[in-house]
Amino acid sequence: MIEFENINKVYNKNWVLRNVSLKIGKGDVVAVLGPSGSGKTTMLRCMNFLEKADVGTMNFDGAEYDLHTISKKNTAAIRKKTGFVFQNYNLFLNKTALQNVTEGLTVVRKIPKEEAVVKAKAALDKVGLSDRYDFYPSQLSGGQQQRVGIARALVTDPEIIYFDEPTSALDPELIGEVLQVMRNLADEGITMIVVTHELSFARDVSNRVVFMENGEILKDVPSKTFFEDPGDERIRSFLRSLS
Ligand SMILES: Nc1ncnc2c1ncn2[C@@H]1O[C@H](COP(=O)(O)OP(=O)(O)OP(=O)(O)O)[C@@H](O)[C@H]1O
Ligand SMILES: [Mg+2]
């Protein structure tokens, strides 16, 4: 469904991504693991054009794009079919939960307000926030804010949602509610790439694990294989460091 080939990114002569290639099928839930600084965030940002790759191609819906030279028009068109969930939620602080979720529909997609509100309420219901439509971010817990972030990504029916450490800014007792929402999305067959340090999520929910180190993909295997037989001492020591 989506295929990235040979993504390379250099910051000040520092190779942050090296020949990163990833094929994502419909319904895949890919967990991206790896030590801090290994390039996980940079990879996601290059995939969604929040960062410009120096080299790389993307195949999406039957067309090929050069990630370095892609036009603003194509970037905008592809972004309309993808969702992104940020570590720090990135909500508008002066807008309610409902307004945060309708924004992408009315402003970017020009969907009439009433229709947008119906869709946004359905998305908020899906993440368990039917009683919080009119709350501002400052009136919501971190877990609730992140669920608004997920509703906002979800509301446009994207073909894929990218998550960058969606639970790492949360207090431990709030992590579970966000992971549960993500689990439900996975069960519905939504395609997701999730950078995470939550091994239980990677083990129980994702069907594939991509392990990154020093800007490269060291492993891309079924989750079961990854946890039962990582086959590499670097991965074993990484897993030990988290558990
Ligand atoms: N804008 C930037 N300018 C220069 N270097 C950068 C920039 N963004 C990231 N880097 C470098 O790229 C490397 C990879 O960073 P990245 O944020 O992708 O790692 P990560 O795997 O997401 O780490 P973490 O688990 O800590 O979030 C790091 O060495 C980082 O210092
Ligand atoms: Mg990161």
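The lining of the second largest pocket in this predicted model divides into six nonpolar and four charged residues, with no polar residue among them. The residues concerned are Lys119, Ala122, Ala123, Lys126, Leu154, Val155, Asp157, Pro158, Glu188 and Ile190, and the space that lies in this pocket comes to about 180 Å³. Helix H4, which spans residues 113-126, gives the most to this lining, with four residues.

Asp157 lies in the loop between H5 and strand E7, the latter covering residues 160-164, and its phi is near 50°, a positive value in a residue other than glycine. Most residues other than glycine have a negative phi.

The largest pocket has a volume of about 590 Å³. Its lining is made up of 20 residues, and those that lie nearest the centre of the pocket are Arg79, Thr82, Gly104, Val108 and Arg152. Which elements of secondary structure each supply at least two residues of this lining? They are helix H2 (72-79), strand E6 (82-85), helix H3 (97-108) and helix H5 (142-154), and of the contributors H3 gives the most, with five residues. By class, the lining of the largest pocket has eight nonpolar, seven polar and five charged residues, whereas the lining of the second largest pocket has no polar residues.

Seen as a whole, the protein has nine helices and 10 strands. Its C-alpha atoms fill a box of roughly 50 × 40 × 35 Å when this is taken along the principal axes, and its radius of gyration of 18 Å agrees with the value near 18 Å that a compact globule of 243 residues would have. Buried residues make up 50% of the 243 residues, while the protein exposes about 11,500 Å², of which carbon and sulfur atoms supply 47%. Among contacts with a separation of 6 or more, 64% are accounted for by residues 24 or more positions apart.

Helix H1 shows how an element can be enclosed in this fold: six of its eight residues are buried, so H1 is largely enclosed by the rest of the structure. The buried residues of H1 are Lys40, Thr42, Met43, Leu44, Cys46 and Met47. Thr42, found in this helix, which runs over residues 40-47, counts as buried because its relative accessible area of 13% is under the 20% cut-off. Leaving aside its neighbours within four places in sequence, Thr42 is in contact with Lys9, Tyr11, Val16 and Leu17.

Ile193 lies in strand E8, which spans residues 192-195, and is buried, with a relative accessible area of 0%. Ile193 and Val209 are 16 residues apart in sequence, and their C-alpha atoms are 9.7 Å apart in space.

Towards the end of the chain, Asp232 is placed in the loop between helix H8 (223-228) and helix H9 (233-242). Asp232 and Asn88 are 144 residues apart in sequence, and 32 Å separates them in space, C-alpha to C-alpha.

Note on methods
Residues are numbered from 1 along each chain as its sequence is written. Chains are lettered from A and ligands numbered from 1 in the order in which they are written. This is a predicted model: local features need pLDDT of at least 70, side-chain atom pairs count only at pLDDT 80 or more; totals for chains, interfaces and linings use all residues. Side-chain values use heavy atoms; hydrogens and water are left out. On a 1 Å grid over the protein atoms alone, a cavity is a set of points where a 1.4 Å probe fits but cannot get out, and a pocket is an open set with protein on both sides within 12 Å along at least five of seven lines; lining residues have an atom within 4 Å of a point. Grid points are joined across faces, edges and corners, and a volume is the space filled by probe spheres set on the points. Ala, Val, Leu, Ile, Met, Phe, Trp, Tyr, Cys and Pro count as nonpolar, Asp, Glu, Lys and Arg as charged, and the others, Gly among them, as polar. The radius of gyration is taken over C-alpha atoms; the globule rule is 2.2 Å times the number of residues to the power 0.38. Buried means under 20% relative accessible area, exposed over 50%, partly exposed in between (1.4 Å probe, protein chains only). Contact means heavy atoms within 4.5 Å. Accessible areas come from the Shrake-Rupley method with a 1.4 Å probe; for residues, only the protein chains shown count as cover.
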